[in-house]
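Please read it alongside the sequence and structure shown here.

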Amino acid sequence: MNCKQVQRQLVSYINGELEEKEEEEFVKHIRHCPECYEELEVYSTVFAGIRQLDGAEEEIDYRTLVEDYLETSEEDAKDEHFLSTYVFLLRIVVTVLLFYMIVRCFLG
Ligand SMILES: [Zn+2]
C-alpha cells in the first residue's frame with residue numbers, strides 16, 4: 001500500500017469501514033510512514049472534534065488519539081491471528097481423530 005492509497009482510506013479507517021486485510025496493511029503503513037501518521041493525526045482529531053460537537057459524552061484525549069486508534073487495530077489483528085491458529089489446530093485434531101476412528105473400524 002502506498003501513501004496515496006493510505007491517504008484515500010483515512011476516512012474509511014476512522015469510520016471503521018475497512019476490510020480486515022486493508023486495515024492491517026493500512027496500520028502497517030502508518031507505523032512506518034511519518035507523513036501518513038501525521039495525516040491520520042489531523043483526520044482523527046477533526047473527526048473526534050466533530051463527534052464532540054455532535055454531543056458525544058466520551059472523553060477524548062487528543063494526545064493519544066492516533067495511538068488509541070492504531071492500538072485497537074493491532075489488538076484486533078492479533079485476535080484474528082490467534083483465532084485462525086486455533087481453528088487450524090482444531091482441524092488437525094478432528095482429522096487425526098477421524099483417521100483414528102477409521103483405522104480402528106478397519107482393524108475391528
Ligand atoms: Zn505514507
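**Briefing**

Phe47 is partly exposed, since 17 other C-beta atoms lie within 10 Å; a residue is buried at 20 or more such atoms, exposed at 12 or fewer and partly exposed in between, with C-beta atoms placed from the backbone. The model is predicted: local features need pLDDT of at least 70 and side-chain atom pairs count only at pLDDT 80 or more, while totals for chains, interfaces and linings use all residues. Residues are numbered from 1 along each chain as its sequence is written.

**Single residues**

- Phe47 belongs to helix H4; helices (H or I, at least four residues) and strands (E, at least two) are DSSP runs, numbered from the N terminus.
- Phe47 and Phe99 are separated by 52 residues in sequence and by 55 Å in space, C-alpha to C-alpha.
- Tyr43 is also in helix H4, which spans residues 34–53.
- Tyr43 is partly exposed, because 18 other C-beta atoms are within 10 Å.
- Beyond its neighbours within four places in sequence, Tyr43 is in contact with Leu10, Val11 and Ile14 (contact means C-beta atoms, placed from the backbone, within 7 Å).
- From Tyr43 to Glu24 the separation is 19 residues in sequence and 18 Å between C-alpha atoms.
- Val87 is in helix H5, and Val87 counts as exposed because it has 9 C-beta neighbours inside 10 Å.
- Val87 and Val27 are 60 residues apart in sequence, with 25 Å from C-alpha to C-alpha.

**Packing of H4 and H5**

- The axes of H4 and H5 are 9 Å apart and meet at an angle of about 100 degrees; axes are lines fitted to C-alpha atoms, for helices over the stretch in contact, and angles run from 0 to 180 degrees between N-to-C directions.
- H4 and H5 are therefore roughly perpendicular (65 to 115 degrees; under 35 is roughly parallel, over 145 roughly antiparallel and the rest oblique).
- H4 contributes Tyr37, Leu40, Glu41, Ser44, Thr45 and Ala48 to the contact, and H5 contributes Leu65, Val66 and Tyr69.
- The residues of this contact of H4 with H5 are 6 nonpolar, 2 polar and 1 charged, where Ala, Val, Leu, Ile, Met, Phe, Trp, Tyr, Cys and Pro count as nonpolar, Asp, Glu, Lys and Arg as charged, and the others, Gly among them, as polar.

**Packing of H3 and H5**

- Helix H3 (residues 20–32) packs with helix H5 (residues 65–107) at about 130 degrees, their axes 10 Å apart.
- This angle makes H3 oblique to H5.
- In H3, Glu20, Glu23, Glu24, Val27 and Ile30 meet Leu70, Ser73, Glu74, Ala77 and Glu80 in H5.
- The contact of H3 with H5 comprises 4 nonpolar, 1 polar and 5 charged residues.

**Annotated spans**

- An unreviewed UniProt entry annotates residues 3–36 as "domain: Putative zinc-finger"; UniProt positions follow the numbering used here, feature names are shortened, and annotations may be inferred rather than shown by experiment.
- Residues 3–36 are 79% helix and 0% strand, with the end C-alpha atoms 7 Å apart.
- UniProt (unreviewed entry) lists residues 86–107 as "transmembrane region".
- Residues 86–107 are 100% helix and 0% strand, and their end C-alpha atoms lie 32 Å apart.

Notes. Two residues are in contact if their C-beta atoms, placed from the backbone, lie within 7 Å.
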